[in-house]
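The sequence and model come first, and the notes follow.

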Amino acid sequence: MRNLVIKPGEVTLSMLRTIAKHHVPITLDPSAYRRIDLSKRLVDNVIEEGKPVYSINTGFGALAKVRIPPHQFAKLQRNIVLSHATGVGRFLDDDIVRLIMLLKINALAQGYSGVRREIIDFLITLYNNEVYPCIPEKGSVGASGDLAPLSHLALPIIGAGQVRVHGILCDSKPELKKIGLKPMDLEPKEGLALLNGTQVSTALAIRGLLRAEECFAGAVVAGAMTVDAFKGSSTPFDPDIQKVRRQKGQIDVAKVYINLLKDSAIRASHAGDHDERVQDPYSIRCMPQVMGACLDHIRFSADIFLREANAVTDNPLVMLDTGEIKSGGNFHAEPVAMAADSLALAIAEIGNMSERRIAMLIDSKISGLPAFLVKDAGVNSGFMIAHVTAAALASENKCLAHPASVDSIPTSANQEDHVSMATYGARRLNEMGSNTANIVGIELLAAAQGMDFHKPLKTSKSLQAAVKLIRAQVSHYDEDHYFAPDIRIATRLVEGGSFLPFVGRSLLPSLYS
């Protein structure tokens, strides 16, 4: 496989989508090494001058006033990695760790961190050989950076900790030897540069963003299928209605609904009928407004996350232009935390609307379809409890959507007295995305079932293709059977991005960036 060339500070969302989905070998643009070397040289010069500089010849956090003698510099950097590796909980999945490693490489390689090129090359070798540091998912408050989880990322560099190789947990030292690496002694600033930064929060947020996009695409397709199953009106998608609202997301998504429903024979059969329903329920009629708002939030969050993916967020920073080392607060992950909260709302609402459409389809009094979408209802329960599952997941997401960024708790003897909680805020996005993917999966099955009852009338060519994807693996629900495997299959289609092509490359950030 051809290596992906990383130009520091120029990572794109489409690159991150590719890396999250599967391992792609990477190479650092050779031009980056000049700044890396100059940055390290500046740190060495400061040490020779003997001036107190945070983390280079001082302690950390609340111990910043403690001066460290030169003979203990290496021990200081090693100790910070060991002492800060306090994460708990299950280890993050390989796709998340790949993103974390790439983001850390991208940040260090910009030449503001004062580390040796060998440190960056070490991480690249680990990455390319699929030797992933074991990083516990819990233990970071999102300021001062993701200290605990990034310490676990750094452990293999000093020959400590565990790694995961093709799903197997191993001690790091033997695995380093297999790929031609030896543990390194960290030099001044290198330990803190490795474990200070927002790369864990950002990687989790980006993975959550990709899940949100997959859920969004699946829900748009499912919603369009439900319109046909319900014999709903397409008037609410009319461009004139969207134009006067002036909301870009709404305008854009309404166009997708129109294209998906174009030339549907089911729609045509209903167009001239007398219908007692003057207006459709909001879960159909207001899809452009709600899903458009969700799209706007997805795009907003994507912009924040992409900027953070290309940011330098350790501390202090080595400024080559002025020859200074400056201490600030780029490690504070508030931008990620607030954007993650915004994205959480979108993920929850995508699921909420989808659950409401499922409820509508199974209610024969509203939908006009067989009760619970099955023949011989009573003997068969059909989609009754599948909807209960969707309702449970939608309600769970409402709790998870509570803003994380409004919470703060002081740490490090009140030196770090305001924190972002970005790591949790980003991590819960993946659980929420999984919940919503299951809800949308159930709607896809329900809508396909409803459309089957309108045969021999056919839906649009686009939606026929969507139904074909589903029916290739899940048959029409003729009578009650073990239902959970059907839901898992439909959910995998959503999570696998099978419906992204249906909404077009210009709609979602990771497809056009």
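## Salt bridges

The side chains of Glu187 and Arg116 meet in a salt bridge, with 3.5 Å from N to O. A salt bridge here is a side-chain nitrogen of Lys or Arg within 4 Å of a carboxyl oxygen of Asp or Glu. Glu187 lies in the loop between α7 (172-178) and α8 (190-195), and Arg116 in the loop between α4 (94-108) and α5 (117-128), so the pair ties together parts that are 71 residues apart in sequence. Helices are DSSP runs (H or I, at least four residues), as strands are (E, at least two), numbered from the N terminus. Glu187 is partly exposed at 30% relative accessibility, whereas Arg116 is buried at 15%. Buried means under 20% relative accessible area, exposed over 50%, and partly exposed in between (1.4 Å probe, protein chains only). Both residues also belong to a network of salt bridges that links Lys40, Asp44, Arg116, Glu187 and Glu190.

The structure holds 26 salt bridges. One of them joins Glu214 to Arg17, with the closest N and O atoms 3.1 Å apart. Glu214 lies in helix α9 (residues 199-230) and Arg17 in helix α1 (residues 13-21), so this pair ties together parts that are 197 residues apart in sequence. Both Glu214 and Arg17 are buried. Another salt bridge is formed by Lys326 and Glu324, whose closest N and O atoms are 3.6 Å apart. Lys326 is partly exposed at 40%, and Glu324 is partly exposed at 37%.

## Basis of the model

This is a predicted model, in which local features need pLDDT of at least 70 and side-chain atom pairs count only at pLDDT 80 or more, while totals for chains, interfaces and linings use all residues. Residues are numbered from 1 along each chain as its sequence is written, and side-chain values use heavy atoms, with hydrogens and water left out.

## Cysteines

How many disulfides does a search of the whole structure find? It finds zero, a disulfide being a pair of cysteine sulfur atoms within 2.5 Å. For Cys294, the closest cysteine sulfur is that of Cys215, at 11 Å, which is too far for a bond. Cys399 also has its closest cysteine sulfur in Cys215, at 18 Å, again too far for a bond. Cys294 is buried at 4% relative accessibility, whereas Cys399 is exposed at 62%.

## Surface patches

Asp376, Asp478, Glu479 and Asp480 form a negative surface patch. Patches are made of residues with over 30% relative accessible area and no salt bridge; like charges are joined within 9 Å, and nonpolar side chains (Val, Leu, Ile, Met, Phe, Trp, Tyr) within 5 Å. Lys and Arg count as positive and Asp and Glu as negative, while His and the chain ends are not counted. The place of a charge is NZ of Lys, CZ of Arg, CG of Asp or CD of Glu. Asp480 is found in the loop between α19 (461-471) and α20 (484-495), and is partly exposed at 31%.

Met384, Ile385 and Val388 make a nonpolar surface patch of about 250 Å². Accessible areas come from the Shrake-Rupley method with a 1.4 Å probe; for residues, only the protein chains shown count as cover. Val388 is found in helix α17 and is partly exposed, with a relative accessible area of 44%.

## An exposed loop residue

Val406 is found in the loop between α17 (384-400) and α18 (422-452). Val406 is exposed at 62%.
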